[in-house]
Amino acid sequence: MQRLEHIYINGEFIVPHGQEWFDLHNPSTEEIIGQVRLGDEQDVQRAVAAAKAAFPAWARTTREERIAALRRMHKAIAARQADLMEAVVLEYGAPRERGSWMASYPADVIAQTIDALASFEFEEQAGVASVIMTPVGVAGLITPWNSNAGFICNKLATALAAGCTAVIKPSELSALQTQVVAEALHEAGLPKGVFNIVNGLGSVVGEAITRHPDIAKISFTGSSAVGQHLVSTGATTMKRVTLELGGKSPTVVLDDADFASIMPIVLHAGFANSGQACIAGTRILVPRSRLAEFESIIKYAVSHIRSGDPRDAETDIGPMVSAKQWERVQNYIRIGQEEGATLLAGGEGRPDGLPGGWFVKPTIFTNANNQMRIAQEEIFGPILTLIAYEDEADAISIANDTRYGLSAVVLGRDVERCERVARQIDAGRVLINTLAHEPRAPFGGFKYSGLGREMGKWGLSAYLEPKTLLGAAEAAKA
Ligand code: NAD
């Protein structure tokens, strides 16, 4: 039983002013495995003051000094990979493949940020003007539970690369990961105050960050509902915001696709991160003329997907992160049936042989349409919905008939046709016959899936204000 009592402010682990303790659970067993002490508004005040005091000196650092600091961060985080792996299995229930990625990604994303910083143009000419990219100020970084360590490292590395300092509010459900990251960042020996971490509830610590006049920018990853709220709250103090929000991504199966060979991509896209992934391909659009064939192949493939103990090498899908999330998924399985969709696989309750733990059955609905709630709302569990379409134009129209626009997958034999379809889908990222990731490309969503972009030069620009300088060259010549 771990008791995590400290937050991190101005280069030190300190006991927060907040008195409340929050239970941490192992989702595979439902047992309480620890407690974290939560910060409050006063802790946010201290953290913001430290970040504000550190900002002028950090904003003046050179590219080389920032790269040196990020390299120390990278080394320190990479050295804790095994501890991160243990934390994501214990508090999150990530199965082996996902867990390994969640343990290595935090260091990888810092390395990717170093690459972006190395080639970033902080100054360029626009006509007779010089345009200077200037750090925006103190950034508030708010992360979700489904990839907490990765998002802390991505957002913090990018903020620091831009010359900003930061106050981080990690997910309260991910305190073990946060502790490992905080210890590693402390080891990295960054200047005092450039980053600060306040554990706490969204409604307390998150709100205080969002309302604070000395926070210039918020970078938030989480649900669309909270994202919308942050935009309106942050407007009072004119905050810059980057939002990475939810999704209901389509996987468009074209009528020339070889169903057996694309099935691993279909299921990986849908069940990634035990279905708790913003980019999950949860609406599978299938040509009506081949629906029965697709149903039989996916039904067979899903019968080989195992939901269970994340430490078991055979497990594909781990538990849902919390009892609340488990209930939410069960509720959507009921809603789908009430709406008239048919269960092709899975259903309510726990998988056979698993009496405890927040496990759900990998579930596929068919005989569904795109108006149903199971096709429009983000469920955040391994629940996929097959939707039949008539022709290519119908497939594109259904793919775009959603409030979200984060990601999409297009699968087919004719790559030119796939690209033609991909270009018509309204999403921040469209993948053709692949699930590959490109860290140099922007990541983010259309519509309710977000605002702005992370990754690469686009991610870095989001922490910078362009400042136009006129007359300087003439003055120098005179
Ligand atoms: P959430 O919105 O409930 O919480 C995210 C974070 O915001 C947490 O740290 C939470 O404490 C905080 N928060 C909650 N209320 C707040 C408030 N009023 N003010 C400030 N902060 C507040 O989301 P979650 O359940 O942790 O994560 C799942 C969601 O995140 C899903 O919708 C998923 O799609 C989304 N997500 C998006 C991406 C992406 O890159 N687009 C990636 C991962 C997750």
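Predicted model: local features only at pLDDT ≥ 70, side-chain atom pairs only at ≥ 80, totals over all residues.
Residues are numbered from 1 along each chain as its sequence is written, and side-chain values use heavy atoms, with hydrogens and water left out.

The chain contains 16 helices and 21 strands, these being DSSP runs numbered from the N terminus (H or I over at least four residues for helices, E over at least two for strands). Its radius of gyration is 23 Å, close to the 23 Å given by the globule rule for 478 residues, so the chain is as compact as a globular protein of that length; the radius is taken over C-alpha atoms, and the rule is 2.2 Å times the number of residues to the power 0.38. Along the principal axes, the C-alpha atoms fill a box of roughly 75 × 60 × 40 Å. Of the 478 residues, 57% count as buried, and the accessible surface of the chain comes to about 19400 Å², with 52% of it belonging to carbon and sulfur atoms. Such areas come from the Shrake-Rupley method with a 1.4 Å probe, and for residues only the protein chains shown count as cover. Among contacts (heavy atoms within 4.5 Å) between residues at least 6 apart in sequence, 72% join residues at least 24 apart.

Helix α10 holds both Phe294 and Glu295, and spans residues 291–302. Leaving aside neighbours within four places in sequence, Phe294 is in contact with Val253, Phe259, Ile262, Met263, Val266, Ile284, Val286 and Leu386. For one of these residues, Phe259, the C-alpha to C-alpha distance from Phe294 is 6.6 Å, at a sequence separation of 35 residues. Glu295 touches Leu344, Thr366 and Leu386, when residues up to four places away in sequence are not counted. Glu295 is buried yet has no salt bridge, and Arg288, the nearest side chain of opposite charge, is 8.6 Å away.

Charged groups were also examined across the chain. The mean positions of the 45 positive and 55 negative charges are 4 Å apart, with Lys and Arg counted as positive, Asp and Glu as negative, and His and the chain ends not counted; each charge is placed at NZ of Lys, CZ of Arg, CG of Asp or CD of Glu. Side chains of opposite charge can pair when their charged atoms come close. A search of the whole structure finds 21 salt bridges, each defined by a side-chain nitrogen of Lys or Arg within 4 Å of a carboxyl oxygen of Asp or Glu.

One of these salt bridges joins the side chains of Arg211 and Glu207, at 3.0 Å from N to O. The two residues lie four residues apart in helix α7 (residues 202–211) and are therefore separated by about one helical turn; Glu207 is buried, with a relative accessible area of 19%. Arg420 forms a salt bridge with Glu392, the closest N and O atoms being 3.0 Å apart. This pair links distant parts of the chain, with Arg420 in helix α14 (residues 415–423) and Glu392 in helix α13 (residues 392–400), 28 residues apart. Arg420 counts as partly exposed at 45% relative accessibility, and a network of salt bridges links Asp255, Asp256, Glu392, Arg417 and Arg420. A further salt bridge connects Arg440 with Glu438, whose closest N and O atoms are 3.0 Å apart; Arg440 is exposed, with a relative accessible area of 64%, whereas Glu438 is partly exposed at 31%.

Methods: Buried < 20%, exposed > 50% of the residue type's maximum accessible area, 1.4 Å probe, protein only.
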